[in-house]
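Subject: A structure for you to explore

Hi there,

Here is the structure I promised you. Please open it next to this email, and then read on for what turned up in it.

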Amino acid sequence: MAYLLRGVLGKDEPSIVKARNAISSAFPYVTSGDGFYADGSFIQHDNIAYTGSYGSVLLGDIAKLLTILDKSPWPIEVADFGNVWKWVTDSFEPLIYDGNIMEMVSGRAISRYNNNTRGAVWTILRLAQFAPSEQANYYKSMVKEWVISDTSTTNPYAGMQIRDIVNFKQLLGDSSIKLRGDLVTHHQFSVMDRIVHSRPGYTLGISMSSSRIANYEEMNGEHTKGWYTGDGMTYLYNSDSDQFRNAFWPTVDPYRMPGTTSDGLKRTAIKTTGKNWVGGSSMDNQFGIAGMDLAPPGSKLTGKKSWFMFDDEIVALGLASQLQMHVAMDVRLRQLSRTG
C-alpha cells in the first residue's frame with residue numbers, strides 16, 4: 001500500500017503498476033500455509049485460525065486498493081480476484097454475529113481491550129461499492145441486518161471513519177435494501193478446526209485444535225492464559241451477543257472455559273496436539289457433527305469429544321480417560337431468542 005501511494009503521489013506509473021501487480025499472490029486459494037482456503041478457513045502464522053484479525057486486515061487493505069485503483073488506468077486485473085467476493089460469504093459471513101466477528105478466529109487479538117470486532121462489517125460495506133450488482137445487494141442486506149441487530153453499542157458509528165459513516169447512513173436510509181434475516185447454516189471450517197452452527201436467535205461456535213492447528217497463540221505478552229481455548233471451547237451467541245467482549249477474558253476462569261474438558265492445569269506449550277482425528281461433516285450445510293481427539297500439550301489428559309448439531313437441538317458428548325468420567329450434555333435451544 002505504501003509503495004502504491006508513493007507511486008500515486010509521485011505520479012510514477014511504473015511504481016503504481018509494480019505495486020498493483022505485487023498483490024496478485026494474495027488472491028488464489030492456498031492448500032497449505034497462510035492464506036484463504038476453499039472451505040472458508042483463513043490461516044496465519046502457519047497454524048492459527050485468524051480470519052478475525054489478519055484476515056480482516058487483508059480484506060480491508062483490498063478495499064483500500066479498490067478505492068484507489070478502481071476505474072483508474074490501472075485496475076486490478078487478476079484472474080483469481082473473483083475469490084474476494086467468495087471470501088465475504090464463505091469466510092466472513094458465517095463468523096459474524098450481530099455485527100461482530102467471533103473471537104475464536106482472532107488469535108491473540110481477543111485479549112486486547114481495544115480489539116475491533118466490527119471492522120470486517122465496515123469493510124464489507126466498502127467492498128459493496130465495487131462488487132458485481134448481485135453480490136453488492138446481498139452484502140448491503142447482510143450489513144444492514146448486522147447493524148440493526150447489534151444492541152451492544154448505543155452508537156453504531158463509534159470508531160468509524162467519515163467515509164464509513166456516510167456509507168452506513170446511506171444504507172440505513174435506503175428502504176430498497178431489505179434485512180437479510182437470521183442466518184441459517186452449518187459451516188465446517190475444516191482446515192482451521194472451527195465449526196459454526198447458526199439458527200434463528202443463536203449461533204454456536206466450536207474451537208478445536210489438532211496436528212494442523214495450534215491450541216492457542218501467545219505472543220508479545222498477549223493472550224497469556226489462552227491455554228484451553230483450543231480444547232473444544234464453545235461459544236454461544238444469542239441476545240447477549242457481547243458476552244465474550246464485555247470483560248469476559250480478564251474475568252473468566254482460564255482453566256474452566258465453556259465446553260472444555262479440564263484437568264485444571266496450566267498448559268506449558270503452544271503447539272499442535274499431534275492428533276489427526278479432529279473435524280466433522282455436514283448435510284447440505286444445515287446440520288452437522290464434529291469430533292475431537294483431545295490430547296492437550298503439556299497434559300496427561302486424553303479423551304474424545306463430539307457434538308451433534310440439529311435444527312433446534314445440540315448434543316455434546318465427552319469421554320475423558322485420565323479423569324475417568326463420562327459427560328453427556330443435552331443442550332436444548334428451543335427457548336433461545338434475541339429477546340430472552
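First, a definition for the helix pairs: an axis is a line fitted to C-alpha atoms, for helices over the stretch in contact, and angles run from 0 to 180 degrees between N-to-C directions. The model is predicted, so local features need pLDDT of at least 70 and side-chain atom pairs count only at pLDDT 80 or more, while totals for chains, interfaces and linings use all residues. Residues are numbered from 1 along each chain as its sequence is written, and side-chain values use heavy atoms, with hydrogens and water left out.

**Helix pairs**

Two packed helices are described by the angle between their axes and the distance between the axes. Helices here are DSSP runs (H or I, at least four residues), as are strands (E, at least two), and both are numbered from the N terminus.

Start with helix α4 (residues 83-92) and α6, whose axes cross at roughly 30° and come within 11 Å. The two are therefore roughly parallel (angles under 35 degrees; over 145 is roughly antiparallel, 65 to 115 roughly perpendicular and the rest oblique). Their crossing is left-handed, meaning that the near helix is turned anticlockwise from the far one by less than a right angle. In contact (heavy atoms within 4.5 Å) are Trp85, Val88 and Thr89 of α4 with Gln135, Tyr138, Tyr139 and Met142 of α6. By class, that contact has five nonpolar, two polar and no charged residues. For these classes, Ala, Val, Leu, Ile, Met, Phe, Trp, Tyr, Cys and Pro count as nonpolar, Asp, Glu, Lys and Arg as charged, and the others, Gly among them, as polar.

Next, helix α3 (residues 51-69) packs with helix α5 (residues 119-127) at an angle of about 30°, with the axes 9 Å apart. These helices are therefore roughly parallel to each other, and their crossing is left-handed.

**Empty space**

Rolling a probe the size of a water molecule over the atoms shows where empty space is left. On a 1 Å grid over the protein atoms alone, a cavity is a set of points where a 1.4 Å probe fits but cannot get out; a pocket is an open set with protein on both sides within 12 Å along at least five of seven lines; and lining residues have an atom within 4 Å of a point. Grid points are joined across faces, edges and corners, and a volume is the space filled by probe spheres set on the points.

How many cavities of 30 Å³ or more does a search of the whole structure find? There are two. The largest has a volume of about 140 Å³, and among its 17 lining residues Met104, Gly107, Arg194, Tyr216 and Thr229 lie nearest the centre. The second largest cavity has a volume of about 100 Å³. Its lining has 16 residues, with Ile96, Tyr97, Arg180, Leu183 and Thr203 closest to the centre.

The largest pocket holds about 650 Å³ of space. Of its 30 lining residues, Ile110, Arg112, Phe244, Arg245 and Trp249 are closest to the centre. Helix α8 (residues 248-251) gives the most to this lining, with three residues.

Enjoy exploring!
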